[in-house]
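Here is a short note for a colleague who is meeting this structure for the first time. Please read the points with the model open beside you.

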Amino acid sequence: MAELVLAAATPHNPLLWRAMREPMPDDLAGVAANFARFRRAFAEHDVDVVVVIGTDHLRQFFYDTSPAFVVGKAESYHGTWENEVRTFGMDYVEVEGHRELADEISGRTVLPEAIDFAVSHEWRLDHSFVIPLQYVRPELDVPVVPIHTNASMPPVPSVRRFIALGEHLRSAVESWESDARVAILTSGHMANDVGGPRTFAGSPDPEFDQDAAGWMRDGDLDAAIRVCSDFERITEAGCMTYQYLNAITALAAMGRSADYVDVAESRFASSPFFLWGSC
C-alpha cells in the first residue's frame with residue numbers, strides 16, 4: 001500500500017517571491033531558512049507524489065462557481081496567472097498531474113457523513129499552489145494532486161470538514177494499492193489582513209498566531225476546533241486568516257503533533273512553518 005511519509009504547511013505570500021532575493025534582507029532570513037529546511041525534507045523523504053492543498057484566489061473558482069473542496073484530475077497543470085507574473089515576478093510553470101491518486105481521493109460516490117468533492121479536469125494553478133511547490137521542490141519534477149479549499153468566500157466549510165478532509169486523505173493514501181511515497185503540502189496564513197490597513201504592519205493578531213502555533217506543537221485538535229469554529233474570532237484576526245484551516249487539515253491527516261513548528265516574523269504577517277517528518 002502507499003505510504004503518507006510527510007506533511008508540511010507553509011506560507012504562500014507571493015510578495016515573498018519578489019522580496020526574498022540575495023542579498024537576503026535580514027527580516028526574511030528566517031523565512032528563507034525554513035523553506036530551505038523543508039526543501040531538504042522533501043528530498044530526503046524521496047517523495048513520489050504530492051497532494052497540494054491551497055485556496056484559489058478568485059481566479060479558477062469565482063463567485064459564480066465556488067465549490068467547497070475541489071480535487072484536480074488533470075493530466076498536467078499550468079501556473080500561474082498574468083497579474084502574478086507582472087506584480088510579483090513569478091514564472092509560468094507546468095506541473096504534471098497524478099490521475100490515479102486523484103481518483104483514489106475523489107472516489108466514485110460522495111461521503112455524506114464527512115465530506116464531498118467537486119472535481120476539475122482543467123485547472124490553472126495560482127500562487128497558493130505554485131509558491132510552496134517552487135520553494136520545496138524547485139525542480140517541479142514530482143507529480144501533484146491539487147485540492148482547492150474554499151477558505152475565503154462565505155459560506156466557508158466548517159473546521160470539522162477541513163479535519164474530515166485530512167482524515168480522508170490519510171485513509172485514501174493508505175488504501176491505495178501502490179508503493180508510492182506520498183506527501184501533503186498545505187499552505188495558507190496565520191493572522192493576515194490582506195488589502196486591509198494592517199497589510200504591512202506585521203501580524204494583526206499575535207495572540208492568535210501564538211495559540212495557532214501551539215495547537216500544531218501540541219497536536220491539540222480540540223482547541224483548534226473550539227477557536228476556529230468561531231467565525232467572528234477568525235475574522236477579527238484578519239480577512240485571510242481562515243486559510244489557517246489548511247494547516248489543520250495536515251494536522252488531522254497526520255494525527256499527531258508536528259515535528260517542527262516555527263513562526264517566522266518579517267515585514268509581512270507571521271509566516272507559519274509546520275512539518276510532520278524529519279528535517
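1. Some terms come before the points. Contact means heavy atoms within 4.5 Å. Helices (H or I, at least four residues) and strands (E, at least two) are DSSP runs, numbered from the N terminus. This is a predicted model, in which local features need pLDDT of at least 70 and side-chain atom pairs count only at pLDDT 80 or more, while totals for chains, interfaces and linings use all residues. Residues are numbered from 1 along each chain as its sequence is written, and side-chain values use heavy atoms, with hydrogens and water left out.

2. Strands pair here if DSSP finds at least two bridges between them. Strand 2 (residues 49–54) and strand 8 (residues 144–149) are parallel and share 5 bridges. Val 52 is opposite Pro 146 of strand 8.

3. Val 159, Arg 160 and Ile 163 of helix 6 touch Leu 221, Ala 224, Ile 225 and Cys 228 of helix 8.

4. Which strands does strand 4 join? Strand 4 (residues 76–79) runs antiparallel to strand 5 (residues 93–96), with 4 bridges. His 78 has Glu 94 as its bridge partner in strand 5. Strand 4 is also joined to strand 7 (residues 124–125), in parallel, by 2 bridges. Gly 79 is opposite Leu 125 there.

5. Helix 10 (residues 245–254) is worth a look. Buried means under 20% relative accessible area, exposed over 50%, and partly exposed in between (1.4 Å probe, protein chains only). 10 of the 10 residues of helix 10 are buried, so the helix is largely enclosed by the rest of the structure. Among them are Asn 246, Thr 249 and Met 254. Gly 255 follows helix 10, with a positive phi near 70°.

6. Check the salt bridges, where a side-chain nitrogen of Lys or Arg is within 4 Å of a carboxyl oxygen of Asp or Glu. The whole structure has 13. In one, Glu 3 pairs with Arg 181, with the closest N and O atoms 3.9 Å apart. Glu 3 is in strand 1 and Arg 181 in strand 9, so the pair ties together parts 178 residues apart in sequence. Glu 3 is partly exposed at 43%, and Arg 181 is partly exposed at 27%.

7. Arg 233 and Asp 205 form another salt bridge (2.8 Å, N to O). Arg 233 is in helix 9 (residues 231–236) and Asp 205 in the loop between strand 9 and helix 7, 28 residues apart. Both Arg 233 and Asp 205 are buried.
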